[in-house]
Amino acid sequence: MRCIVDLAPRPAALGLSVDEVLLDRARQGENSLRLWSSDLAVVVGRSQCLADEVDEEAAALRGVDVVRRASGGGAVLHYPGNLCASVAIAGGERLSVAQATSIFGGIGMSSLRSIGASVSLVGSSLFALGGAKVSGAAQARRAGALLYHWTVLVEPPPFPMADVLRALRLGYLPRGRRSEAARTSSLYEILGGGVCLRGVAEAICREIERRLGKLRASSLSGEEAAAAAALAREKYGSRSWTALR
């Protein structure tokens with residue numbers, strides 16, 4: 001399995017585009033793990049109603065981009081202190097949602113436990129002792145492959161998530177897929193410091209290797225980078241896609 005680690009924050013639309021490119025590569029038989037981070041953005045799920053999930057006026061005032069991913073799940077806040085992990089695996093579409101969650105959610109849980117964070121897998125999310133959510137995941141399938149991607153709140157967000165996420169406010173009544181209205185916390189807060197994106201990324205790599213086999217360091221090819229840039233312009237960065245529902 002190739003392993004791409006690029007922790008320099010990128011526009012969220014580009015990050016989602018790279019995930020789609022790697023999903024297509026998995027359909028051709030090339031599995032990958034990618035660890036990355038994003039600029040400030042609210043990312044809504046494929047089947048969510050944008051207006052019900054995001055306070056776009058507040059997001060604009062804070063310089064927060066708003067994008068839609070191709071996978072399911074609820075709305076999340078991306079920011080440079082939030083680690084994103086993406087696995088694209090050939091044949092994974094044969095796994096049920098529960099099976100994929102058990103495998104890859106279990107990898108996420110074990111990797112965080114290895115650095116001292118006592119977390120449990122509940123549904124598609126990881127919760128620390130005390131009930132604070134530290135990680136959430138989503139899945140997408142294409143003929144021949146599965147994309148499973150999740151985020152880990154490593155550092156605290158730059159402002160309260162409720163400023164932009166309607167699910168964390170009173171009166172939340174979405175018309176589409178519900179977001180999880182859970183209290184969140186970062187690993188930094190839970191562990192009292194001493195944690196960084198690279199350290200968490202390395203823990204995930206170790207657990208992937210333990211369970212799925214050797215990783216080989218890789219980077220995007222020129223062709224892959226060009227395909228991702230085109231998707232960012234024409235799909236994930238377009239208002240027509242983001243405002244789909």
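How many residues has α6, and how far does α6 reach from its first C-alpha to its last? The model is predicted, so local features need pLDDT of at least 70 and side-chain atom pairs count only at pLDDT 80 or more, while totals for chains, interfaces and linings use all residues. Residues are numbered from 1 along each chain as its sequence is written, and side-chain values use heavy atoms, with hydrogens and water left out.

Helix α6 has 16 residues and reaches 22 Å, close to the 22 Å expected at 1.5 Å a residue. The expected span is 1.5 Å times one less than the number of residues. Helices (H or I, at least four residues) and strands (E, at least two) are DSSP runs, numbered from the N terminus. Glycine 213 follows α6 and has a positive phi, near 110°.

The buried residues of α6 are Leu197, Val200, Ala201, Ala203, Ile204, Cys205, Glu207 and Ile208. Buried means under 20% relative accessible area, exposed over 50%, and partly exposed in between (1.4 Å probe, protein chains only). An α-helix has 3.6 residues a turn, so residues three or four places apart point the same way. The buried residues of α6 pack against β1, β2, β6, α4, β10 and α5 (187-191); contact means heavy atoms within 4.5 Å.

A nonpolar core is a set of buried Ala, Val, Leu, Ile, Met, Phe, Trp, Tyr and Cys residues joined through side-chain atoms within 4.5 Å. The largest one has 33 residues, of which Leu33, Leu83, Leu112, Val200 and Ile204 touch the most other members. Two or more residues each come from β1 (2-10), β2 (32-38), β6 (82-90), α4 (97-114), β8, β9 (133-142), β10 (145-153) and α6 (197-212). The largest share, six residues, is from α6. Leucine 83 touches, among others beyond four places in sequence, Leu197, Val200, Ala201 and Ile204, as well as Trp36 and Trp150. A second, separate core of 21 residues includes Ala13, Ala26, Ala70 and Leu231.

Phenylalanine 127 lies in strand β8 (residues 125-128) and counts as buried at 15% relative accessibility. Beyond four places in sequence, its contacts include Val119, Val122, Lys133 and Glu180. Threonine 101, in helix α4, is buried with a relative accessible area of 9%. Leaving aside neighbours within four places, threonine 101 is in contact with Gly106, Leu121, Gly123, Ser124, Gln139 and Tyr148.

A pocket, on a 1 Å grid over the protein atoms alone, is an open set of points where a 1.4 Å probe fits, with protein on both sides within 12 Å along at least five of seven lines; lining residues have an atom within 4 Å of a point. Grid points are joined across faces, edges and corners, and a volume is the space filled by probe spheres set on the points.

| Largest | about 630 Å³ | β9, seven residues |

Of the 44 residues lining the largest pocket, Arg69, Gly74, Val76, Gly136 and Ala137 are the closest to its centre. The lining of the second largest pocket has eight nonpolar, one polar and three charged residues. Ala, Val, Leu, Ile, Met, Phe, Trp, Tyr, Cys and Pro count as nonpolar, Asp, Glu, Lys and Arg as charged, and the others, Gly among them, as polar.
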